[in-house]
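Thanks for making time for this.

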Amino acid sequence: MSDTPRRRGTETRLQKILSQAGIASRRAAEKLIAEGRVSVNGETVHAMGVKADPAVDDIRVDGRRIKRPERPRYILLNKPKGVVSTRSDPQRRPTVIDLLHSVREYVYPVGRLNYDSEGLLLLTNYGELAARLTHPRHGVERVYEARVSGMPDGEALQRLRAGIPPDGHRTLPATVVLVNQRRRDRDGVLMLTIREGRNRQVRRMCE
């Protein structure tokens with residue numbers, strides 16, 4: 001081993017440092033900073049864009065010093081209905097973390113499934129992976145199955161495929177397949193593949 005004095009490494013934005021440490025996604029890390037819950041060398045940070053060196057600087061969230069996870073942890077969870085996809089909930093509803101009884105690492109959900117939705121959810125402490133899976137520029141596909149009231153016709157399916165503006169901004173083109181086409185079926189079952197993760201996107205598109 002070298003006995004050369006340790007030199008300061010490359011400084012990185014705080015959002016990325018917190019994400020890599022498994023504290024939160026970059027978007028959630030920005031919220032932590034805005035709320036004044038992050039400090040660097042004893043000084044509370046409020047502004048975005050501040051950089052630091054995790055190998056040298058004392059970086060803390062809620063008073064606890066962060067450190068890189070010893071090993072990446074990846075958990076695939078079949079989220080049931082009636083559970084929120086977050087670490088904590090102000091309404092005291094059950095969270096996905098409550099389902100992980102033997103996990104000691106600080107993991108968090110990558111993306112979200114609504115309270116009334118069920119399906120595959122990834123939790124990890126590896127912030128870089130979370131960022132790559134959730135940022136729209138990477139276009140990672142998300143596949144959902146949705147049961148809708150009534151049987152959608154070809155025009156409705158084409159509207160979903162082309163994009164719908166549920167909030168004034170049109171959704172990206174989607175792949176939509178009508179799974180059931182039997183005459184006795186009153187309600188349609190759709191398989192939707194989307195490449196972005198807006199809030200309650202599938203439900204709002206189908207509405």
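What you see is a predicted model, in which local features need pLDDT of at least 70 and side-chain atom pairs count only at pLDDT 80 or more, while totals for chains, interfaces and linings use all residues. Residues are numbered from 1 along each chain as its sequence is written, and side-chain values use heavy atoms, with hydrogens and water left out.

Let us start with helix H2, residues 26-34, where the buried residues are Ala 29, Leu 32 and Ile 33. Looking down the axis of H2, these buried residues fall within an arc of 100°, so they line one face of the helix; the arc is taken from the directions that run from the helix axis to the C-beta atoms. As a reminder, an α-helix has 3.6 residues a turn, so residues three or four places apart point the same way. On the other side of H2, the exposed residues are Arg 27, Lys 31 and Ala 34.

What covers the buried residues of H2? The cover includes helix H1 (14-20) together with strands E2 (38-40), E3 (43-45) and E5 (59-61), where contact means heavy atoms within 4.5 Å. After H2 comes Gly 36, which has a positive phi, near 75°.

Two strands count as paired if DSSP finds at least two bridges between them, and E5 and E6 pair in the antiparallel sense over 2 bridges. Arg 60 stands opposite Arg 65 in E6.

Within strand E2 we find Ser 39, which at 15% relative accessibility counts as buried. Setting aside neighbours within four places in sequence, Ser 39 is in contact with Thr 44, Val 45, Asp 58, Ile 59 and Arg 60.

How many salt bridges does a search of the whole structure find? The search finds 9, a salt bridge being a side-chain nitrogen of Lys or Arg within 4 Å of a carboxyl oxygen of Asp or Glu. One of them joins Glu 35 to Arg 37, with the closest N and O atoms 3.1 Å apart, and Glu 35, Arg 37 and Asp 62 are linked in a network of such bridges.

In another, the side chains of Glu 105 and Arg 73 meet at 2.7 Å, N to O. This pair links distant parts of the chain, since Glu 105 is in the loop between E7 and E8 and Arg 73 is in the loop between E6 and E7, 32 residues apart. Both are partly exposed, Glu 105 at a relative accessible area of 24% and Arg 73 at 22%.

A further salt bridge runs from Glu 141 to Arg 195, the closest N and O atoms being 3.1 Å apart. Glu 141 lies in the loop between H3 and strand E10 (142-148) and Arg 195 in the loop between E12 and helix H5 (201-206), so the pair ties together parts that are 54 residues apart in sequence.

Finally, the surface. His 101, in the loop between strand E7 (74-79) and strand E8 (108-110), counts as exposed at 73% relative accessibility. Its C-alpha atom and that of Leu 122 are separated by 16 Å, with the two residues 21 apart along the chain.

Terms used:
Buried means under 20% relative accessible area, exposed over 50%, partly exposed in between (1.4 Å probe, protein chains only). Helices (H or I, at least four residues) and strands (E, at least two) are DSSP runs, numbered from the N terminus.
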